[in-house]
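Q: I would like to learn how to read the pockets and the core of a protein model, one feature at a time. Could we go through them together?

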Amino acid sequence: MQSQEANIDFYEKNYDIVGQWLVRPGDKVILGDMENRKCRFCGKQPQEVTFKKVAHAIPELLGNKSIVSSYECDTCNEGFGKGIENDLGNWSKPMRTLIRIRGKSGVPTLKKGGKAPGWRIEYDQSRLNVTANENDPIFEVDEENKTVTFKLRRDSYTPVAVLKAFMKIGVTLLPGDEIPNFIGLMAWIRDTDHSKAYLNKCPVIYAFQPGPMPNDFIAALVLRRKKTVTGYPYAFLVLGYGNEVFQVPLPSESHDAQMSGQSISIHPFPVPGHPDPARYGEPTRSVLDWMDSRVRKGEIMTMQMGYDSRVPMEIPTSDSA
Ligand SMILES: [Zn+2]
């Protein structure tokens, strides 16, 4: 077990924070120069492409209404939206409902498709409302421990496309002078043929911070290895919203090539957790492997919530189902 102090030391010693954003609704951040536009992803300028759409640096579905970029053309924006951001949306949707992340049209509603009486989870004003069918339980209640365990089906998604969607956020947030180090990565992210391999391994460190956390606060950081350091990955995106924090490697062909094939162990970036860990518990971590390019269908996401503490919700009795 790595202590919080050891994790803090590791990043102080080996990495610089080259970009940091902590935003709430109402904050406005524009990346780049609106008067001098050039797409970071395809290299085209206003003579060749349009820049009419608002390009969110972090997809709006993750709750970002604040950070927009001047350097994403409409063509690339549309391509990302229909492609990898759709995979990101499908993968993250059950959790976004449970932790109340507000996208373009509010917190997503989860429901079972088809004609049979099914179930529905929606966020209504201040409460998470759950309606369920006894024959198709989507959650189990543990009265003694006051917990509810949800078992929710994700819509179909391609794991490597979800990884690309997170990396696209990272390269959008990178300072402009770092872009020449990521040309290969950016080409791979834009490639809609997800079967094309670029990396062997790319573990994403995932932290879940239990307890009631603000659902409208986004924290994004870009970490870059210090110039004097070798032997660790060159750059990371750290993105936090709601109860979740993702630490995503941003591999640079010019700075990480010498490490290919080696196994490197790093400390996870420290996450603050809930101010009252005695009540809600410490953050839990896991490693997500999204290198698979095959479509995943019907995957079940399991999530346990304390029902007197985390999110107020209604548990229907059997006669109201
Ligand atoms: Zn473009």
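A: Let us begin with the second largest pocket, which has a volume of about 540 Å³. The model is a predicted one, in which local features need pLDDT of at least 70 and side-chain atom pairs count only at pLDDT 80 or more, while totals for chains, interfaces and linings use all residues. Residues are numbered from 1 along each chain as its sequence is written, and side-chain values use heavy atoms, with hydrogens and water left out.

Q: What is a pocket here, and which residues lie nearest the centre of the second largest pocket?

A: On a 1 Å grid over the protein atoms alone, a pocket is an open set of points where a 1.4 Å probe fits, with protein on both sides within 12 Å along at least five of seven lines, and lining residues have an atom within 4 Å of a point. The volume is the space filled by probe spheres set on the points, which are joined across faces, edges and corners. In this case 24 residues form the lining, and P59, E60, L61, E85 and K104 lie nearest the centre.

Q: Which element gives the most to that lining?

A: Helices (H or I, at least four residues) and strands (E, at least two) are DSSP runs numbered from the N terminus. Here α3 gives the most, with six residues, and the lining divides into six nonpolar, nine polar and nine charged residues.

Q: How is the lining of the largest pocket divided by class?

A: That pocket holds about 880 Å³ of space, and among its 30 lining residues K201, C202, P203, P233 and I264 are the closest to the centre. By class the lining has 18 nonpolar, eight polar and four charged residues, and its largest share, three residues, comes from β14.

Q: Which residues touch the most other members of the largest nonpolar core?

A: A nonpolar core is a set of buried Ala, Val, Leu, Ile, Met, Phe, Trp, Tyr and Cys residues joined through side-chain atoms within 4.5 Å, where buried means under 20% relative accessible area with a 1.4 Å probe, protein chains only. The largest such core has 71 residues, of which M167, L239 and F246 touch the most other members, and helix α4 (residues 159–173) gives the most to this core, with ten residues.

How values were computed
Ala, Val, Leu, Ile, Met, Phe, Trp, Tyr, Cys and Pro count as nonpolar, Asp, Glu, Lys and Arg as charged, and the others, Gly among them, as polar. Buried means under 20% relative accessible area, exposed over 50%, partly exposed in between (1.4 Å probe, protein chains only).
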